Amino acid sequence: MATGRTHRPATRSRGIPEATVARLPLYLRALTALSERSVPTVSSEELAAAAGVNSAKLRKDFSYLGSYGTRGVGYDVEYLVYQISRELGLTQDWPVVIVGIGNLGAALAGYGGFASRGFRVAALIDADPAMTGKPVAGIPVQHSDDLEKIIEEDGVSIGVIATPAGVAQQVCDRLVAAGVTSILNFAPTVLSVPDGVDVRKVDLSIELQILAFHEQRKAGEEAESEAAAVQAPPVPLGSAGEAPAKGTGRKGPDGDVPAVMPA
């Protein structure tokens, strides 16, 4: 099996837009669920609904992969799983180091989704000497003094930063200098990296703030709706104490006869 240091995903050379690349994992997750249920084929509409996108966008995304499906049949699930996995580079072995083994780092170390998607946690690294040698998720923690040596020996090209914000840039610089070209950053800070190094930032507090914004907006809309209902003018009553019904063309002694009479 190839290692991450010698093989890179082919998406950029094939001109696949970044927005499409960002949606490929969503399709793969939905397809994997279908595969586990032994579903042989899926329509673009069904797969789009499962991935949370519209079907036209899905068909456009798949056209970049050279996959157009079969009219009246849909897409072959197993082939798409392989095709998307190949485009994302998941048919290769990607050694990963996690730096910062606090609560978050330890949780990431124990995340089973890494191995199932082609990512091997090669090392756990922390600056605290008390952590050195301590097993976390079955992997002994190594001291940060050995960071460069570990990266070179394991051929690591992907680093995960789960340190406090104050040291994240320093850790990033050491990772890049040692040859790491892709970084997943969980530290609450923006990292500065040279050209050729990709950084993906995961900030849980920002996501929660965005959700809080939507909750506040929904609460405001509900309040406005309730206020409008209270201020609505009363409905005029008919001569019999009921709201006048729209006419049906027939007249009764007290005016229009409702189209549907009460039982």
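I started at helix H7 (residues 147–154) and listed its buried residues: Leu147, Ile150 and Ile151. Here buried means under 20% relative accessible area, exposed means over 50%, and partly exposed is in between (1.4 Å probe, protein chains only). Helices (H or I, at least four residues) and strands (E, at least two) are DSSP runs, numbered from the N terminus. I then looked down the axis of H7: its buried residues fall within an arc of 100 degrees, so they line one face of the helix. That arc is taken over the directions from the helix axis to the C-beta atoms.

A note on the source. This is a predicted model, in which local features need pLDDT of at least 70 and side-chain atom pairs count only at pLDDT 80 or more, while totals for chains, interfaces and linings use all residues. Residues are numbered from 1 along each chain as its sequence is written, and side-chain values use heavy atoms, with hydrogens and water left out.

Back to H7. Which residues are exposed on its other side? I found Lys149, Glu152 and Glu153 there. Next I checked what covers the buried residues of H7. The cover includes strand E3 (94–99), strand E4 (119–126), strand E6 (139–143) and helix H8 (165–177). Contact, here and below, means heavy atoms within 4.5 Å. After H7 comes Gly155, with a positive phi near 60 degrees.

**The whole chain**

I counted elements next. The chain has 9 helices and 11 strands. It holds 263 residues, and 35% of them count as buried. I also looked at contacts with a separation of 6 or more: 55% of them join residues 24 or more positions apart.

**The cores**

I looked up the largest nonpolar core and found 23 residues in it. A nonpolar core is a set of buried Ala, Val, Leu, Ile, Met, Phe, Trp, Tyr and Cys residues joined through side-chain atoms within 4.5 Å. Tyr27, Leu31, Val42, Leu47, Leu58, Phe62 and Ile84 have the most contacts inside this core. H1 gives the most, with 7 residues. Apart from this core lies another, of 20 residues, including Val97, Ala122, Ile151 and Cys172. In soluble globular proteins, nonpolar side chains tend to be buried together.

I followed Tyr27 further. What does Tyr27 contact, leaving aside its neighbours within four places in sequence? I listed Leu47, Ala51, Val53, Lys57, Leu58, Asp61, Phe62 and Ile84.

Leu24 is in H1. It is buried, with a relative accessible area of 0%. Beyond its neighbours within four places in sequence, Leu24 is in contact with Leu65, Ile84 and Leu88. I also checked Leu24 against Glu87: they are 63 residues apart in sequence and 8.8 Å apart in space, C-alpha to C-alpha.

Gln83 is in H4. Is Gln83 buried or exposed? It counts as buried, at 2% relative accessibility. With neighbours within four places in sequence set aside, Gln83 contacts Leu65, Gly66 and Ser67.

**Helix H2 and its partner**

The buried residues of H2 are Ser44, Leu47, Ala48 and Ala51. Seen down the axis of H2, they fall within an arc of 100 degrees, so they line one face of the helix. On the other side of H2, Ala49 and Ala50 are exposed. H1, strand E1 (41–42), H3, strand E2 (75–76) and H4 are among what covers the buried residues of H2. Gly52 follows H2, and its phi is positive, near 80 degrees.

I then took H2 with H3. They pack at an angle of about 100 degrees, with their axes 8 Å apart. Axes are lines fitted to C-alpha atoms, for helices over the stretch in contact, and angles run from 0 to 180 degrees between N-to-C directions. H2 and H3 are therefore roughly perpendicular to each other. That label covers 65 to 115 degrees; under 35 counts as roughly parallel, over 145 as roughly antiparallel, and the rest as oblique. In H2, Ser44, Glu45, Leu47 and Ala48 meet Ser55, Leu58, Arg59 and Phe62 of H3.

**Two loop residues**

Ser38 lies in the loop between H1 and E1. Its phi is near 60 degrees, a positive value in a residue other than glycine. Ser38 counts as exposed, at 63% relative accessibility.

Ala137 is in the loop between strand E5 (135–136) and E6. Ala137 is not a glycine, yet its phi is positive, about 55 degrees.
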